[in-house]
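My notes follow in the order I made them.

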Amino acid sequence: MTVHQKPNTLQLDSFWMPFTANRQFKAAPRMFASAEGMHYTTVDGRKVIDGSAGLWCVNAGHGRRQIAAAVERQLMSLDFAPSFQMGHPIAFDFAERLAAIAPQGLDRVFFTNSGSESADTALKIALAYQRAAGQPTRTRLIGRERGYHGVGFGGMSVGGIVNNRRAFATHLPGVDHIVHTHDLARNAFSKQLPPHGAELADDLERLVALHGAETIAAVIVEPVAGSTGVLAPPQGYLQRLRQLCDKHGILLIFDEVITGFGRLGTPFAANYFGVTPDLMTTAKGITNGTVPMGAVFASRKIHDGLMTGPESQIELFHGYTYSAHPVACAAGLATLDIYEDEGLLTRGASLAGYWSDTFHQLKGLPNVIDIRTVGLMGAVELSPRKDAPGARGYDLMVDCFNRGLYFRQSGDAVALSPPLIVERSHIDEMVSILGDAIKRVA
Ligand SMILES: Cc1ncc(COP(=O)(O)O)c(C=O)c1O
């Protein structure tokens, strides 16, 4: 048996860390050793409250025995089985269970292994559908500024974060973006959905006028942009986007990789906003973050539109070795059981008001230029230091980590999205640590 080295003898060189300032991190590492419920424990034994559900994924909290037991059982009975021209029952069971909680009509499920794969899969399905529907000129994909759809070439291209593209110098042709909705001048410190900006959806009309609707296959947006700092849509915005997509025969894709599985106090953001997309991408919370998995939910119209041609023919030339991996399906089924038994897909609704009120107590602290919450997502945005965007946010993140709070930093905004088992006392603790740190970090 391999005996792992003690932390103080760890070699840090070989692991090239993702989305990390590697040299800075390795000079002063921040390491988690274990986790239980709402907390991580660091390698030096400190408890750190998990303000971001890991990376927006551990919705039922850490260390869930039920999931561990299901994974072990599955590994010992069927550790792997192919899903290409072969099947295994647990994959069908899991898809049925997912379809049962999906927004109305989105009951066809394609399995992936991550949010990035879900985004690329949804984009490919959209292209294939338009072609099958006799609209082969609809090849253009539209994203939104400040959107994040993972790191595959498709998701990166429709994504609207320039840093994620700059180094790679190329992206898919025929991609364009509508404007983002972040408007501090009109909407800072809104306690509800931002009141101003529904008309920004009309930017799609600009792209239709520029390119022609007959060239556009799909628009992809996060219902609430997560990675760029919790940007909730202005009131009425998503409804308007839906109408415009319908008007122009454009498919609407919601990227619910973060908002899926109870984050807003409803099973999906589509339920929260009362807007149903044609395709919906998910990952993260689908297995409580325990085993990598993702899923794209498609409407019957899209699915059935591709079930054409001879029955012996593969309808969609797409899939991953690990699509519907039996161990991931087992983790997912156990996760759904927990969500249902504990009411976690809707629990956020009863806490959202407290979450919002507590965060808004930070208004007036130094450098705080916005506070925004929706469901159990929240962000506090600080003004950037002169010539050093992101530096204040980074210092705040490190300070909080040292004092027992972990969260995801996004430039000079901090983004929080706790496990959905969070209690009021945890919210108080998070906001208290954050508030003290904001006062300390100049
Ligand atoms: C909205 C959204 N889409 C896609 C992704 C990519 O997911 P993954 O990192 O699992 O590839 C993320 C990750 O944070 C996300 O927030």
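**Entry 1: a histidine and its strand**

I began with H177 and found it in strand β6, which covers residues 175-178. A reminder to myself: this is a predicted model.

Is H177 buried, exposed or partly exposed? I counted 19 other C-beta atoms within 10 Å of H177. A buried residue needs 20 or more, so H177 comes out as partly exposed.

Next I looked up the contacts of H177, leaving out residues up to four places away in sequence. The list reads I142, G143, R144, E145 and G160. I also checked G147, which is 30 residues from H177 along the chain; the two C-alpha atoms are separated by 9.3 Å.

**Entry 2: the sheet around β6**

I then traced the sheet that holds β6. It is an open sheet of 7 strands with mixed pairing, in the order β4-β10-β9-β8-β7-β5-β6. At its edges I found β4 (108-112) and β6, each of which pairs on one side only. On average, neighbouring strands here are turned by 20 degrees against each other, direction ignored.

Which strand pairs with β6, and in what sense? Strand β5 (residues 140-144) does, in the parallel sense, over 4 bridges. One bridge I noted links R144 to I178 in β6.

I also looked for a helix over this region. Helix α9 (residues 203-211) lies across β5, β6 and β7 (216-221), and runs at about 150 degrees to β6.

**Entry 3: a second sheet**

I moved on to an open sheet of 4 strands, ordered β11-β12-β15-β14, with antiparallel pairing. Here β11 (368-374) and β14 (408-410) stand at the edges; each has a single partner strand, so one side of each has no neighbour in the sheet.

Inside the order, I checked β12 (residues 377-382) against β15 (residues 413-416): they run antiparallel and are joined by 4 bridges. The bridge partner of A379 is A415 in β15.

Helix α15 lies across β12, β14 and β15, at about 45 degrees to β15.

**Entry 4: two helices crossing**

My last stop was α15 (residues 391-402) with α16 (residues 424-440). Their axes come within 9 Å and cross at roughly 130 degrees, which makes α15 oblique to α16. I noted the crossing as right-handed.

Which residues meet there? From α15 I listed L396, D399 and C400, and from α16 I listed I433, L434, A437, I438 and R440. Sorted by class, this contact has 6 nonpolar, no polar and 2 charged residues.

Conventions:
Residues numbered from 1 in each chain as written. Predicted model: local features only at pLDDT ≥ 70, side-chain atom pairs only at ≥ 80, totals over all residues. Buried ≥ 20, exposed ≤ 12 C-beta atoms within 10 Å, placed from the backbone. Contact = placed C-beta atoms within 7 Å. Pairing = 2+ DSSP bridges. Axes fitted to C-alpha atoms, helices over the stretch in contact; angles between N-to-C directions. Parallel < 35°, antiparallel > 145°, perpendicular 65-115°, else oblique. Left-handed = near helix turned anticlockwise from the far one by under 90°. Nonpolar A, V, L, I, M, F, W, Y, C, P; charged D, E, K, R; others polar.
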